[in-house]
Amino acid sequence: MGALAAGGWGLLAGSALLFGAVVGLFFRVPAQWTALVMAFGSGVLISAVSYDLVAEAYERGGLAPTALGALGGAGVYSLANVALARRGARHRKRSGAQQPSEQDRPGSGGAIALGALLDGVPESVVIGTGLLGGGSVGAATVVAVFLSNLPEGLASAAGMRQAGRSKGYVMGLWAAIALVSGLAALVGYTVLGGASETVMAAITAVAAGAILAMIADTMIPEAFENAHLLAGLTTVTGFLVAFALAQL
């Protein structure tokens, strides 16, 4: 039952990508509103990384595994992100006309799909490992991932629409990523069931580092470009909302 619960929580959080994509695909949301929602989601995730992931990793394994894991996660994510950016996925979370079309950049659709997968897997693995040891997944973590996935799906789908990608492609992509999110949470629970506290600390820190790098590389640029000076205030608001949820 634990593995199924982990998969269910991961699927729930990942489904927000699909909900956001529906809005971005079928409705024309003003760019500033999209940016403000992205800023809010960034603040929510930063709070989750700070108070749920890094703090938990430190309590489980101490400073060294936490620091090394976070740097490793950020490094691996950044290298993969650079490789995908060179293939057309650099602006996969942008809602404007930054994304290339398949005609302009052949293969960019596949790169964007891999980029979406790269962004979502660390979050889902964390949800799965949160259930290990008979504990319960942190509600704040699930809510944080869910709230951050909404603007990600919205902005990315809007950008894909402007790049001329079909509705079938966009909906199929985000539906697949939602399913993979559930699977990643299930695998995280199943594979890491016998891991030591130090290993769990390092893995949690790796996910935290990857998520923080993802926020800086793909979410903050979209938020700042269209929200400008309101981006900072909205990010702090999201941070405080997630922090308050973690204290309940």
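Predicted model: local features only at pLDDT ≥ 70, side-chain atom pairs only at ≥ 80, totals over all residues.
Residues are numbered from 1 along each chain as its sequence is written. Local features need pLDDT of at least 70, side-chain atom pairs count only at pLDDT 80 or more, and totals for chains, interfaces and linings use all residues, while side-chain values use heavy atoms, without hydrogens and water.

Two packed helices are described by the angle between their axes and the distance between the axes. Helices are DSSP runs (H or I, at least four residues), numbered from the N terminus. Axes are lines fitted to C-alpha atoms over the stretch in contact, and angles run from 0 to 180 degrees between N-to-C directions. The axes of α2 and α7 (residues 197–227) come within 8 Å and cross at roughly 165°. The two helices, α2 and α7, are therefore roughly antiparallel (over 145 degrees). Their contact comprises 23 nonpolar, 7 polar and 3 charged residues. Here Asp, Glu, Lys and Arg count as charged, Ala, Val, Leu, Ile, Met, Phe, Trp, Tyr, Cys and Pro as nonpolar, and the others, Gly among them, as polar.

Helix α3 (residues 63–89) also packs with α7: the axes come within 6 Å and cross at roughly 45°.

Salt bridges (a side-chain nitrogen of Lys or Arg within 4 Å of a carboxyl oxygen of Asp or Glu) number 2. Arg60 and Glu56 form a salt bridge at 3.3 Å, N to O. Both residues lie in α2, 4 residues apart, about one turn of the helix.

Val23, Phe26, Phe27, Val29 and Trp33 make a nonpolar surface patch of about 500 Å². Patch residues have over 30% relative accessible area and no salt bridge, with nonpolar side chains joined within 5 Å. Areas come from the Shrake-Rupley method with a 1.4 Å probe. Phe27 lies in the loop between α1 (2–26) and α2 (31–61).

Note on methods:
Patch = residues over 30% accessible without salt bridge, like charges linked within 9 Å, V, L, I, M, F, W, Y side chains within 5 Å. Parallel < 35°, antiparallel > 145°, perpendicular 65-115°, else oblique.
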